[in-house]
Amino acid sequence: MDYGVFNDLPDMLRAEDVSKALRISRSSAYTLMHAADFPAFRPLGGKTLRVSKASFLAWIDGHSDIQGG
């Protein structure tokens, strides 16, 4: 997979970053980040969810073969 636009993502992504990368609403990004199969975590003492860039890209690769319809 050629990540192209993903190269500019920070090493640790917030919901806003996921939203922009996937071109989905911020609300949808929050829902996604709470999904059981999404590799998000809360840093120690943190309240916001984060996902590492590497885990995010691996998650995309793992879901890229899903066909719609």
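## Helix H1

The buried residues of H1 pack against E1, H2, E2 and H3. Those buried residues are Ala15, Asp17, Val18, Ser19 and Ala21, in a helix spanning residues 15-22. Buried means under 20% relative accessible area, exposed over 50%, partly exposed in between (1.4 Å probe, protein chains only). Contact means heavy atoms within 4.5 Å. Helices (H or I, at least four residues) and strands (E, at least two) are DSSP runs, numbered from the N terminus. Just after H1, Arg23 takes a positive phi of about 55 degrees.

## Basis of the model

This is a predicted model: local features need pLDDT of at least 70, side-chain atom pairs count only at pLDDT 80 or more, and totals for chains, interfaces and linings use all residues. Residues are numbered from 1 along each chain as its sequence is written, and side-chain values use heavy atoms, with hydrogens and water left out.

## Aromatic pairs

The whole structure holds 3 aromatic pairs. Rings of Phe, Tyr and Trp (its six-membered ring) pair if their centres lie within 6.5 Å; planes under 30 degrees apart count as stacked, over 60 as edge-to-face and the rest as tilted. Phe6 and Phe56 have ring centres 6.3 Å apart and planes at 75 degrees, so this pair is edge-to-face. Phe6 lies in the segment before strand E1 (12-13), and Phe56 sits 50 residues away in helix H3 (residues 53-63). Phe6 is buried at 11% relative accessible area; Phe56 is buried at 0%.

Phe38 and Trp59 also pair edge-to-face, at 5.0 Å centre to centre and 70 degrees between planes. Phe38 is in the loop between helix H2 (26-33) and strand E2 (51-52), while Trp59 is in H3, 21 residues apart. Both are buried. Ring pairs join Phe6, Phe38, Phe56 and Trp59 into a cluster.
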